[in-house]
Amino acid sequence: VSVSPAPSCRFRNRAAAGLRGPRGVRAPRGDADRREALITAAERVFLRKGYHAATMDDIAASACMSKRTLYQLVESKEQLFTSLLLRNRPDVALPPAHESSAPRDVLFEILSVWAKHILAPSSVALLRLIIADYQHGKSLARLLDRASAKLCKDSLADYLAGLARSGVLMLSNPEEAAQMLFGMAIGNIHGGMLMGIRGAPTRDELDARLHRAIGIFLSGALPR
């Protein structure tokens with residue numbers, strides 16, 4: 001995994017004192033900015049060392065702050081990792097006026113948001129980290145599921161359930177149907193990227209694949 005180098009603490013400290021750092025950029029100020037900088041530093045450390053091997057000392061050093069300051073911003077390493085996942089989570093709200101939109105268009109919108117999120121290099125890197133640390137327990141996987149994956153799955157399943165209730169689609173199990181549609185549209189691309197045997201598709205390639213998958217799905221789910 002390619003990890004961006006941490007900015008120089010010397011420049012960060014100069015800026016915190018009111019001086020200019022590299023390219024005239026000031027250091028983050030206030031708890032919100034410091035917390036954001038801390039999350040970014042934690043991401044660098046997690047990706048470089050792994051979650052369990054990373055220490056709060058490592059993260060504090062990467063963020064150019066003391067451990068005392070770090071613990072004023074977060075309570076634990078798990079809370080910090082959760083904050084990282086929440087910062088990166090996708091906006092999976094249904095598009096405006098989705099009830100009057102064609103199912104094909106709404107499904108494309110939901111899957112596009114989901115694909116953009118999970119196929120992003122940062123998301124792939126974090127999932128690899130979680131898989132590598134699975135031997136230490138399931139807590140990170142559960143955090144990831146709650147913070148991002150479940151949001152996407154629930155949004156798609158809820159929309160399909162609404163179509164089933166209104167008779168637009170014939171689905172006995174909308175949750176299972178959502179998983180099947182995801183697998184057909186994005187699943188093997190995601191798996192290939194996780195294993196490093198393929199790269200991310202272009203926007204045009206992904207759009208074409210989503211349209212094909214949705215067409216196949218709807219041809220089997222529309223009332224006959």
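Student: Is Leu111 buried or exposed?

Tutor: Leu111 is buried, with a relative accessible area of 0%. Buried means under 20% relative accessible area, exposed over 50%, and partly exposed in between, using a 1.4 Å probe and protein chains only. Keep in mind that this is a predicted model: local features need pLDDT of at least 70, side-chain atom pairs count only at pLDDT 80 or more, and totals for chains, interfaces and linings use all residues. Residues are numbered from 1 along each chain as its sequence is written, and side-chain values use heavy atoms, with hydrogens and water left out.

Student: Where is Leu111 found, and what is Leu111 in contact with?

Tutor: Helix α6 holds Leu111. Helices here are DSSP runs of H or I with at least four residues, strands are runs of E with at least two, and both are numbered from the N terminus. Leaving aside neighbours within four places in sequence, Leu111 contacts Leu156, Leu181, Ala185, Ile186, Leu210 and Ile214. Contact means heavy atoms within 4.5 Å.

Student: How many residues apart in sequence are Leu111 and Ile186?

Tutor: They are 75 residues apart in sequence, and 8.3 Å apart in space, C-alpha to C-alpha.

Student: Which residues have the most contacts inside the largest nonpolar core?

Tutor: Leu107, Leu111, Leu156, Leu160, Ile186 and Phe217, in a core of 33 residues. The elements giving two or more residues to this core are α6 (103-118), α8 (139-165), α9 (174-195) and α10 (203-221). A nonpolar core is a set of buried Ala, Val, Leu, Ile, Met, Phe, Trp, Tyr and Cys residues joined through side-chain atoms within 4.5 Å. In soluble globular proteins, nonpolar side chains tend to be buried together.

Student: And what does Leu160 touch?

Tutor: Not counting residues up to four places away in sequence, Leu160 touches Leu107, Leu169, Leu171, Pro174, Ala177, Ala178 and Phe217.

Student: At what angle do the axes of α9 and α10 cross?

Tutor: Roughly 150°, and the axes come within 10 Å. Axes are lines fitted to C-alpha atoms, for helices over the stretch in contact, and angles run from 0 to 180 degrees between N-to-C directions. The two helices, α9 and α10, are therefore roughly antiparallel. Angles under 35 degrees count as roughly parallel, over 145 as roughly antiparallel, 65 to 115 as roughly perpendicular and the rest as oblique.

Student: Which residues meet there?

Tutor: Among them, Ala177, Leu181 and Ile186 in α9, and Leu206, Leu210 and Phe217 in α10.

Student: What about α2 and α5, how do they pack?

Tutor: At an angle of about 100°, with their axes 10 Å apart, so α2 and α5 are roughly perpendicular to each other. Residues that meet include Glu36, Ile39 and Phe46 in α2, and Leu80, Leu84 and Arg87 in α5.

Student: Charges next. How many salt bridges are there?

Tutor: The structure holds six. A salt bridge is a side-chain nitrogen of Lys or Arg within 4 Å of a carboxyl oxygen of Asp or Glu. Glu36 forms one with Arg87, the closest N and O atoms being 2.8 Å apart. Glu36 lies in helix α2 and Arg87 in helix α5 (residues 77-88), so the pair ties together parts that are 51 residues apart in sequence. Glu36 is partly exposed at 38% relative accessibility, and Arg87 is partly exposed at 28%.

Student: Last one: how many helices and strands does the protein have?

Tutor: Ten helices and zero strands. Of the 224 residues, 41% count as buried.
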